[in-house]
Every structure is written in C-alpha cells, then in structure tokens.
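Hello,

Here is the structure you will be taking over. My notes on what was found follow below.

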Amino acid sequence: MPESLPPPSRWTDRLGWAFFLGVSWTWCIGMFLPVLLVQQFGAIGWVIFAVPNVIGAAAMGWVLGSGADSQEMVQRHRTACVVFSLVTIAFQLYFVKLALWGAWGSSARLAVVAIVVACYFFGRFRPAADHVVAVLVWFGSILLLGLMFLKTPVHLAAWIVSPTTPADLAGLAAVCVFGFALCPYLDLTFHRARQACSVPDARFAFGVGFGVIFFAMIVGSLLYSASIPAAGSAAIGFLVGHFVIQIAFTVGAHHAEIRRIGPAWLRRVEQVIVIAALVWFVSPVFLPQINYRGMSAGEIGYRLFMGFYGLVFPVYVWVAIVPHRQAEPIGPKFQQRVLIVTILACAPFFWLGFIEKSPVWLIPGVAIAILAIKLPVAFRRLSRYLLRPA
C-alpha cells in the first residue's frame, strides 16, 4: 500500500498543496493546446478547453471522500497510474525539444537539460520541499509571462477566426469533458495531495489549486496565443522559459511518485525513457520535415500524444475504475478485452478529429467509449442467444 502522508495542520500547508497541484497540472497540454485551439476555433476553443479542465481536476477533491479511498484506488490500479506518469514524462520531454529547437543555441539547450535533471533528482531527494518549489515556479512563470507581454502586446484579433460549425464545437466539448473528467484519477501527484489532506483541506487545495493557481496559468496561455504570431526572439525566449520551469517541475513530481509507489520494472522503464529523451534532446537529430494538413511532424506527434489523454486513459478509468452497476461483475481478463476493443473501435474517429482536423468525428468516438461499459452485457446476451438450445 502506498505510504501515508501526514495531514496538513496549518493554512500554509493547505496553500502549499494548492500550489503543488496547480503547478503539477500545468503541462504542455495547458501551455500549448490552447494555442492550437485558438488557431482553429478562436477564443471559444479556449473556453471549451478550460471549463471542463478546471472543474474535472478540482472535482477529485470532492469525489474521493477520504485519503483511504485514494490509497485504495492507487493500490488497485498502480500499474495504470505509473504508466500515466511515464507517458506524461515522455510527453513533457518531447515538447521541450519542440519548443526549444531553433529558438536557442546549443548552450541554452544544455542549460535546460541541467534544469530538468535538477528537478528530476530534486523530487527524488527532497519531496518535502515540493511546496516551496511549486510556489517559486508559479511566480517565476508569472514573471516570465509578464516580461513576454512587455515585449509583445496581446493582439485580440487573433482570437477571432472563421466561423466554426456547432458540430465541430460539440466534438471538441465531448472529448474535453470525457478526458478532463476522468484523467485526474490516474495522476499520482493528485493522489499524493489527496492522501495528505483531510476532507476540508482537500477541498480547499483542489479548489484553489485548479480554480485559481492553475486557472491563472491557462489564462496566460490564452493571452500568449494571441501574441505568438508577432513575438520576437526575446519574447519567445521568455515564453520558452515558462515552458521549461513548469515542465521541469512536472517531470520531477511524477518521477518522485514513480519512485514512491512504482514496481521496480516500471521504474527501470522510466529511467530508459528519460535517458533516451535527454540524449535525443541534446542531439541534432529531429523529426522529418513534412507538412500534413498544415501540421509539421512535431505537431502531429503532439496530437498523437494527446490521444492518450483524450482516449486511452479516460477509457481505462471509465471501464476499470468508475463504478458501474452490473448484474454480473466482469473479470480482469474480460475487462482487458473490453479496453482493447473499445480503444481500437474509437481510434479511427479520434484520428479524424485530432489529425484530420474534423472534430465532429469525436462525437461518435466518445459515444462508443461511453457505451463500452455495456459491451459485457451485450456479449453475454449474444452468447446466450447463440448457445441456446435449438
């Protein structure tokens, strides 16, 4: 069972957990996906992204009634939670390469590697200092974004794009609600905070952490989504600095949780991922130069990573964690088959929505995922029909 952390007893501890949660959730999703959404949908795309994101993450502080509930969930789904952290670490390091390539020289890239490695090992040796580091990282981001906006004003006209069909907006909303409502329950940093807090403290930490601290970060994303097209090299440098310190904290936080509860073989996998990513990061090797529907290979890779958080992880939570009233419980082997079949059935629709840029196809994709829980019932009924006596 994961180790129990002592409950906070002071308001500074509650606020510290709020900063920890808000900063640990400021990934390359919150920092860059709004840019892509504003380009495609305008400001309404950011609204559809932000509302379920904040509410879904904050809700975990209410849904899990106690730290014991969180401990039990992690114990039952430890491998899935660790895989979630592994993919998250790989995603952050992949994005850092995209953000820095061509922006700074080789010496700056080496300095960034040093920052990421420092946070990676800081989480290993001094987990009790996470609150202080989270506060410093958050205010550091505020400073860097402020410096960026001094260099480049916000062009509000960039928030207005050509009209988008209601069906496309509905598809975007469906996948955002599905993903952000379910993914938090695999996030080990969330579970660490929930296990450390009493019920009122958890509600404060999750509410403030996502409703104020994280929300401020994605408001920053909305603002610089309208500044990037006209930004100079200095402004881009400040923005990349914001990316780096946030990602470094996220990588360090997830690394600490993998070391805390992960099985030995998955800890080894994490080390291989980090070493390979850092070697690729400092090397001149990059992705091939292609242009598919206006996207580079780097952006396509980013969108494919998003498939984990829009499809794979939410389907797992929906099928394996969310309690459903079944007349007959399904065994773990059949549950695995349901997961695989559901992901394969949904994948073409998510490809059309994410890669082909036709979000309307996300509606049937999410619908199939939601109906997956009925697959065992349908399978049993079909089996009984086929096996009934002649």
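The largest nonpolar core has 117 residues. Such a core is a set of buried Ala, Val, Leu, Ile, Met, Phe, Trp, Tyr and Cys residues joined through side-chain atoms within 4.5 Å, where buried means under 20% relative accessible area, exposed over 50% and partly exposed in between (1.4 Å probe, protein chains only). Those with the most contacts inside the core are Ile29, Phe49, Leu186, Phe210, Tyr302 and Tyr309. Leaving out residues up to four places away in sequence, Tyr309 touches Trp27, Ile29, Phe84, Val87, Thr88, Phe91, Gly179, Cys183 and Pro314; contact means heavy atoms within 4.5 Å.

This is a predicted model, in which local features need pLDDT of at least 70, side-chain atom pairs count only at pLDDT 80 or more, and totals for chains, interfaces and linings use all residues. Residues are numbered from 1 along each chain as its sequence is written, and side-chain values use heavy atoms, with hydrogens and water left out.

The protein has 16 helices and zero strands; these are DSSP runs numbered from the N terminus (helices: H or I, at least four residues; strands: E, at least two). Of its 390 residues, 52% count as buried.

In helix 4 (residues 67-76), the buried residues are Gly67, Ser70, Gln71, Met73 and Val74. Seen down the axis of helix 4, they fall within an arc of 165 degrees, so they line one face of the helix. The arc is that of the directions from the helix axis to the C-beta atoms.

Val51 lies in helix 3 (residues 43-63) and is partly exposed, with a relative accessible area of 44%.

Regards
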